[in-house]
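Biologist: I am new to this structure, and I would like to learn how to read it. Could you take me through some features?

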Amino acid sequence: MMFIVLLGPPGAGKGTQAERLATHLGHAHIATGNLLREAVKSRTSLGVEAKAFLDRGELVPDHIIARLVAELLDTPDGHAGAVFDGYPRTVAQAMALDQELARRGTRVTLAVALDIAADVLVRRLSSRRICARCGSTYNLITNAPRQGGLCDRCGEPLVRRSDDAPAVIRRRLEIHRAEAGPIEEHYADRRLLAIVAGDNPPDVVTATILAALRRTPAYRPRSSPDLSGVSPGLPGR
Ligand code: AP5
């Protein structure tokens, strides 16, 4: 059972890679951003509390996130290993995760920081579209839907995420810049950090992360790993 943390700025490809890794490894994909957006959409008390933070591109307070993640780790899926996408975001969250996993007799296997230039991020986020029903992510430039404006999976119209407005993107990038150093240090100090170039094609990024994962002592492939669509491993940076 592995617990993989994906770090990186907005638009670095955390969601794209987390989905691929979770499918490949048979692990849960825990994306705090998606969970928060779902809570906002269904107007739960947590969603009402979180909405203003999401709209401004600010971080949601740690206690809300801690509740969300602890609940998921207690499910059978969460027990069996997880790929965390967008979590932890602060050193306090990283320490809370360490404690949650230690209580379960385990620890983070690998933290991957996706490294990418700011101008690429802005371009990616401005051209990202998501399906409001199933959450599938597209990109009008690099991963366009087959039928203009409609989701390939469920046929629903695609929308722009409300926090992909230019002013909110700028704020999210600023916040990332402030938080990224300390959190990367947290994992580097524990010899758990791999820095991976995020500006390569998605298959190459996945293969690089898997190569870094294979070098960890906890690496356990599924009995019959599905390597289709994943190019041979390349060394991490
Ligand atoms: P969250 O949903 O986590 O957003 P984010 O971190 O800003 O990251 P994004 O989802 O924008 O980007 P991504 O890195 O997943 O990239 P993607 O794969 O989509 O958080 C949203 C908000 O929720 C936060 O601002 C905060 O308010 C709150 N929040 C969430 N977690 C929190 C926490 N732990 N604590 C406190 N608050 C929290 O890719 C982007 C685009 O690029 C897509 O169009 C994709 O198709 C394309 N793409 C991806 N990879 C490639 C590639 N290799 N080549 C070309 N195109 C690519």
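Biologist: At what angle do H2 and helix H4 pack, and how far apart are their axes?

Modeller: Two packed helices are described by the angle between their axes and the distance between the axes. Here H2 and H4 (residues 62-73) pack at about 105°, with axes 11 Å apart. Helices (H or I, at least four residues) are DSSP runs, numbered from the N terminus. Axes are lines fitted to C-alpha atoms over the stretch in contact, and angles run from 0 to 180 degrees between N-to-C directions. H2 and H4 are therefore roughly perpendicular, a term for angles of 65 to 115 degrees.

Biologist: Which residues make the contact?

Modeller: Contact means heavy atoms within 4.5 Å. H2 brings Thr 32, Leu 35 and Leu 36, while H4 brings Ile 65, Leu 68, Val 69 and Leu 72.

Biologist: What should I know about the model itself?

Modeller: It is a predicted model, where local features need pLDDT of at least 70, side-chain atom pairs count only at pLDDT 80 or more, and totals for chains, interfaces and linings use all residues. Residues are numbered from 1 along each chain as its sequence is written, and side-chain values use heavy atoms, leaving out hydrogens and water.

Biologist: Which polar side-chain atoms lie by an oxygen atom of the ligand?

Modeller: A polar contact is a pair of N or O atoms within 3.5 Å. One polar side-chain atom of Arg 128 lies 2.7 Å from a ligand oxygen, and one of Arg 161 lies 2.9 Å from a ligand oxygen. Asn 200 places a backbone N or O atom 2.8 Å from a ligand nitrogen.

Note on methods: A polar contact is a pair of N or O atoms within 3.5 Å; within protein, one must be able to donate a hydrogen and the other to accept it, and residues adjacent in sequence count only if both atoms are side-chain atoms. Helices (H or I, at least four residues) and strands (E, at least two) are DSSP runs, numbered from the N terminus. Angles under 35 degrees count as roughly parallel, over 145 as roughly antiparallel, 65 to 115 as roughly perpendicular and the rest as oblique.
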